Amino acid sequence: GKLKSALKKTKDVLRTDVRDLFKAGEILDEDKLEEFHRGLITTDMGVEAASEVVESLRKEFGGRTVDPKAIWENVKETLKLILKGDGSTDWDPDNPVSPLNMAESGTTVILVSGVNGVGKTTSIAKLANFLTKANKKVVLAAGDTFRAAAVEQLTMWSQRIGCEIVKKEEGSDPASVAFAGCDQADKNGADVAIIDTAGRLQTQQNLMQELEKIHRVIGKRIEGAPHESLLVLDATTGQNGISQASKFSAAANCTGIILTKLDGTAKGGVVVAIRKKMGIPVKYIGVGEQIDDLQLFSPDDFVEALFE
Ligand code: GDP
């Protein structure tokens, strides 16, 4: 229900641009394929993915009489294949932890990065809530030490969720907060430590060095940390967000994406572009501003909801 309504605007775009494009009994010609290609592009899925979808249609049905049902099945199949990539997205829809690479024993450390405003603080709260509800003991580390408001917001969330939070005074070294968070999580037997990081873009070079330093430091405190490095991306920025994200993904060695604000954007196709261009799976999606508005990302559900 929530996913379908979140994708409403993207579905509207698809519907407007491709409605009645494939009529039963007509010939699937190059004009139609080109028009369909344009329609897919308007959802922000990117030229490469759109071309792959169209190429599959051309190969299978080009120059032949159209059976709309077979066409849509083919389109869905191509998109699912792209989104599943190497098959790593085959997690259990009933288990919120299943997309995460958990430590074999002890505390699992999740590093979260992303540019200010994308919904990083909210996503951390949502994830903490998700994990707490799954009976995981969570410790938050308020590593965005440059934004007092972010620390306050995270503190408020931690009280609501009922999880621990580690913080230091404004302007502290984010790596020292990250280390302290891991330290407390380990000592208190927490299942998961979620490390917030700064997201200011003005000093990008420093920010990347900072992320690398956090990586080094927490790895010294907990073996294998971070076990998961999640990048938060804002779906409303569409493909523009991807180039910026690539820089983060290199510095933070990202293993997954949290895609926020999928509700209310017409650029839902960006999920496909992310998988195609970055090669990293979207693991969670944000579908609203409330604490419960985080879902596991499922390629099958996503594609079915998009074309339903
Ligand atoms: P940060 O600067 O990256 O930490 O961003 P915040 O977590 O403070 O979020 C910025 C704004 O985006 C807030 O108003 C959030 O409520 C909103 N937001 C975050 N995630 C979502 C989402 O999935 N959907 C919607 N509609 N809003 C979101």
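In strand E5, Leu 230 is the bridge partner of Val 112. The model is predicted, so local features need pLDDT of at least 70 and side-chain atom pairs count only at pLDDT 80 or more, while totals for chains, interfaces and linings use all residues. Residues are numbered from 1 along each chain as its sequence is written, and side-chain values use heavy atoms, with hydrogens and water left out.

**Sheet**

Strands E1 and E5 pair in the parallel sense over four bridges; pairing requires that DSSP finds at least two bridges between two strands. Val 112 also has a bridge partner in E4, namely Asp 196. E1 and E4 run parallel and are joined by five bridges. These pairs belong to an open sheet of eight strands with mixed pairing, in the order E3-E2-E4-E1-E5-E6-E7-E8. Strand E3 (164-166) and strand E8 (294-296) stand at the edges with a single partner strand each, so one side of each has no neighbour in the sheet. From one strand to the next, the twist averages 25°; axes are lines fitted to C-alpha atoms, for helices over the stretch in contact, and angles run from 0 to 180 degrees between N-to-C directions.

| Strand pair | Sense | Bridges |
|---|---|---|
| E2 and E3 | parallel | three |
| E2 and E4 | parallel | four |
| E1 and E4 | parallel | five |
| E1 and E5 | parallel | four |

Strand E2 covers residues 138-141, and strand E4 covers residues 192-196. Val 139 has Glu 164 of E3 as its bridge partner, and Ala 141 has Ile 195 of E4.

Buried means under 20% relative accessible area, exposed over 50% and partly exposed in between, with a 1.4 Å probe and protein chains only. Thr 108, Ile 110 and Val 112 point one way from E1, and Val 109, Leu 111 and Ser 113 point the other way. Thr 108 counts as buried at 1% relative accessibility. Beyond its neighbours within four places in sequence, Thr 108 is in contact with residues including Asn 101, Asp 191, Val 192 and His 227; contact means heavy atoms within 4.5 Å.

E2 is likewise covered on both faces, with Val 138 and Leu 140 buried on one side and Val 139 and Ala 141 buried on the other.

Helix H11 (residues 270-278) lies across E5, strand E6 (256-260) and strand E7 (282-286), and runs at about 160° to E6.

Gly 256 is found in strand E6 and is buried, with a relative accessible area of 0%. Leaving aside neighbours within four places in sequence, the contacts of Gly 256 include Glu 228, Leu 230, Ile 280 and Lys 283. The C-alpha atoms of Gly 256 and Asp 292 are separated by 20 Å, and the two residues are 36 places apart along the chain.

**Nonpolar cores**

A nonpolar core is a set of buried Ala, Val, Leu, Ile, Met, Phe, Trp, Tyr and Cys residues joined through side-chain atoms within 4.5 Å. The largest such core has 86 residues, of which Phe 36, Ile 194 and Leu 259 touch the most other members. Among the residues that Phe 36 touches, not counting those up to four places away in sequence, are Val 18, Phe 22, Leu 57 and Trp 72. A second, separate core of 12 residues includes Val 109, Ala 141, Ala 178 and Ile 195.

**Ligand surroundings**

There are 18 residues around the ligand, and Gly 117, Lys 120, Thr 121, Thr 122 and Glu 289 come nearest; a residue is near a molecule if one of its heavy atoms lies within 4 Å of it. A polar side-chain atom of Thr 122 lies 2.5 Å from a ligand oxygen atom. For Glu 289, a polar side-chain atom lies 2.7 Å from an oxygen atom of the ligand. Lys 261 places a backbone N or O atom 3.0 Å from an oxygen atom of the ligand.

Definitions and conventions
Helix = DSSP H or I, 4+ residues; strand = E, 2+ residues; numbered from the N terminus. Polar contact = N/O pair within 3.5 Å; in protein donor to acceptor, adjacent residues only side chain to side chain.
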